[in-house]
Amino acid sequence: MRLKASTVITVFLFSGLILLTQVAAEEGYQLIAREIHNQYRAIHHVSALNSDEDLHNRAVMCAQYYATIRTINHSCPFKNGAGENLWAQRGGNPTNDDVARNSSNSWYSEEPLHNYNAQFTPATGHFTQMVWKNSLNFGFGVARLNFGFGLGNMVVGCALYSPQGNVIGQFQDNVIPP
């Protein structure tokens with residue numbers, strides 16, 4: 001079994017059987033995205049998001065999917081019912097840390113447009129998912145695609161949330177004013 005350097009192995013001895021468990025550490029850029037999310041969530045008096053390895057893995061797969069199809073259209077088959085925020089940049093070469101910061105701050109920048117007495121609006125859907133009170137778990141992924149032939153590149157950031165937010169009829173209970 002080959003393990004990443006960031007993998008932690010715990011061995012338990014139980015009735016003569018050895019049980020191995022693996023816990024992969026959250027990548028640095030994923031931690032940055034989650035910390036920024038949690039700073040904004042604190043402003044809205046909701047609990048911090050938990051890091052979720054499965055959501056991180058699926059967010060990476062979704063980011064790769066969108067980079068491959070060269071668009072972000074919320075069609076990723078790997079979401080499995082999770083809420084999703086997407087961000088993309090064409091050109092440039094931001095680091096994964098930059099993508100974590102830029103996407104998270106971009107999504108929260110919709111907050112001044114939000115009407116706390118209303119339901120879903122496309123203009124603030126990234127923000128409302130980000131601070132949705134009932135969303136407890138978080139994953140984040142980044143992918144890049146070089147178009148080749150001097151045509152540039154595309155960088156995609158994808159955040160996944162579970163349970164998903166932006167549920168019609170539940171906005172007043174889940175999007176708390178600062």
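**A look inside**

Mentor: Start with the largest nonpolar core: it has 24 residues, and W107, F138, F140, Y161 and V175 have the most contacts inside it. By nonpolar core I mean a set of buried Ala, Val, Leu, Ile, Met, Phe, Trp, Tyr and Cys residues joined through side-chain atoms within 4.5 Å. Buried is under 20% relative accessible area, exposed is over 50%, and partly exposed is in between (1.4 Å probe, protein chains only). Keep in mind that this is a predicted model, with local features needing pLDDT of at least 70 and side-chain atom pairs counting only at pLDDT 80 or more, while totals for chains, interfaces and linings use all residues. Residues are numbered from 1 along each chain as its sequence is written, and side-chain values use heavy atoms, leaving out hydrogens and water.

The top contributor is α1, with five residues. Helices here are DSSP runs of H or I with at least four residues, strands are runs of E with at least two, and both are numbered from the N terminus. Zoom in on V175: leaving aside residues up to four places away in sequence, V175 touches H114, Y116, F127, T128, V131 and W132. A contact, by the way, is heavy atoms within 4.5 Å. There's also a second, separate core of 15 residues, with A82, L86, A143 and F147 among them.

Now the sheet. Four strands form an open sheet in the order β3-β5-β6-β4, with mixed pairing. Two strands count as paired if DSSP finds at least two bridges between them. At the edges stand β3 (50-51) and β4, each with a single partner strand, so one side of each has no neighbour in the sheet. Walk across it from β3: that strand runs parallel to β5, joined by two bridges, and N50 sits opposite N137 in β5. Next, β5 pairs with β6 in the antiparallel sense over ten bridges, with N146 opposite N153 in β6. Then β6 pairs with β4, again antiparallel, over eight bridges, and W87 faces G157 in β6.

Helices pack on this sheet too. α1 lies across β3, β5 and β6, running at about 130° to β5. α2 touches β3, β4, β5 and β6, and its direction makes about 30° with that of β5. Those angles, from 0 to 180 degrees, are between N-to-C directions of axes, which are lines fitted to C-alpha atoms, for helices over the stretch in contact.

One more thing on the inside: the cysteines. C62 and C76 form a disulfide with S to S at 2.2 Å, where the rule is a pair of cysteine sulfur atoms within 2.5 Å. The torsion about their S-S bond is about -85°, so this disulfide is left-handed. C62 lies in α2 (residues 53-69) and C76 in the loop between α2 and β4 (83-90), so the pair ties together parts 14 residues apart in sequence. Both C62 and C76 are buried. C158 is in no disulfide, and its nearest cysteine sulfur, that of C62, is 4.7 Å away. At 0% relative accessibility, C158 counts as buried too.
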